[in-house]
Amino acid sequence: MGALPVFRWRLAPDGYATRRQLRARGLRPGGQQVAATLERPRRRRPPLVAHLYRVDLAVPVRPMTPGRWRAHAAMMRARRTCPSCRCDAGYVIPALLGICVTCAYPDDQCTA
C-alpha cells in the first residue's frame with residue numbers, strides 16, 4: 001500500500017471532499033478509507049491536515065428515525081440542564097463553568 005497523495009490548501013482536484021463537504025451534499029464516507037490528505041501550511045507550526053474521501057464512493061446519509069430524534073432530544077436536554085439548580089437553561093451549559101451562568105454568577109445583576 002502506497003502513501004496517500006497530499007494536496008496543498010485549495011488545490012485538491014474534483015472528486016475529493018472532506019467529511020463536512022460530503023455532509024453538505026447529503027453524503028457520508030460509507031466505510032471507505034481516507035483517499036488523500038490536504039495540507040494548509042502555517043508559520044512556525046506543523047501544517048493543518050484534512051482527510052479527503054472520494055465522492056464517487058460516498059453513500060447517502062442515513063435518515064433520522066423517530067428513535068434517533070428522541071435520543072438526540074434527550075442528549076440536548078441533558079446538555080441544557082444545570083446540575084446545580086436542575087433547571088433547563090435554554091442554552092448548552094458551558095463546559096468551562098459546568099453550571100448555568102445564573103448559578104455561576106449569582107451576584108451579577110444588571111444595573112442599567
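## Arg54 and the salt bridges

Arg54 is partly exposed in this predicted model, with a relative accessible area of 33%, and its partner in a salt bridge is Asp56, the closest N and O atoms of the two side chains lying 2.7 Å apart. Asp56 itself counts as exposed, at 55% relative accessibility, because the cut-off for that class is a value over 50%. Side chains of opposite charge can pair in this way when their charged atoms come close.

A search of the whole structure finds two salt bridges. Besides the contact between Arg54 and Asp56, there is one that joins Arg80 to Asp88, where the closest N and O atoms are 3.2 Å apart. Arg80 is partly exposed at 23% relative accessibility, and Asp88 is also partly exposed, with a relative accessible area of 45%.

## The open sheet

Four strands make up an open sheet with mixed pairing, and their order across the sheet is E1-E4-E5-E2. Strand E1, residues 6-8, and strand E2, residues 16-17, stand at the edges, and each has a single partner strand, so one side of each is left without a neighbour in the sheet. Strands of a sheet pair through backbone hydrogen bonds, and the pairing may be either parallel or antiparallel.

Both senses of pairing can be followed at strand E4, which spans residues 36-42 and runs antiparallel to E5, to which it is joined by six bridges. With E1, by contrast, E4 pairs in the parallel sense, over three bridges, and within that pairing Arg8 stands opposite Glu39 in E4.

## The hairpin and the positive patch

E4 and E5 form a hairpin with two residues between them, and Arg44, in the turn, has a positive phi of about 55°. Arg42 stands opposite Arg45 in E5, the strand that covers residues 45-54.

Which residues form the positive surface patch? Arg42 and Arg45 are both among them, together with Arg10 and Arg40. Arg45 is exposed, with a relative accessible area of 52%, and it meets the accessibility requirement for a patch because that requirement is a value over 30%.

## The loop between E1 and E2

Ala12 is found in the loop between E1 and E2, where it is partly exposed, with a relative accessible area of 31%. The C-alpha atoms of Ala12 and Glu39 are separated by 9.8 Å, although the two residues are 27 residues apart along the chain. Glu39 is also the residue of E4 that stands opposite Arg8.

## The nonpolar patch

A nonpolar surface patch of about 320 Å² is made by Tyr91, Leu97, Val101 and Tyr105. Of these residues, Val101 lies in helix H3, which comprises residues 101-104.

Definitions and conventions. Residues numbered from 1 in each chain as written. Predicted model: local features only at pLDDT ≥ 70, side-chain atom pairs only at ≥ 80, totals over all residues. Heavy atoms only, no water. Patch = residues over 30% accessible without salt bridge, like charges linked within 9 Å, V, L, I, M, F, W, Y side chains within 5 Å. Areas by Shrake-Rupley, 256 points an atom, 1.4 Å probe, with all protein chains shown as cover. Salt bridge = Lys/Arg side-chain N within 4 Å of Asp/Glu carboxyl O. Lys, Arg positive; Asp, Glu negative; His and termini not counted. Charge placed at Lys NZ, Arg CZ, Asp CG, Glu CD. Buried < 20%, exposed > 50% of the residue type's maximum accessible area, 1.4 Å probe, protein only. Pairing = 2+ DSSP bridges.
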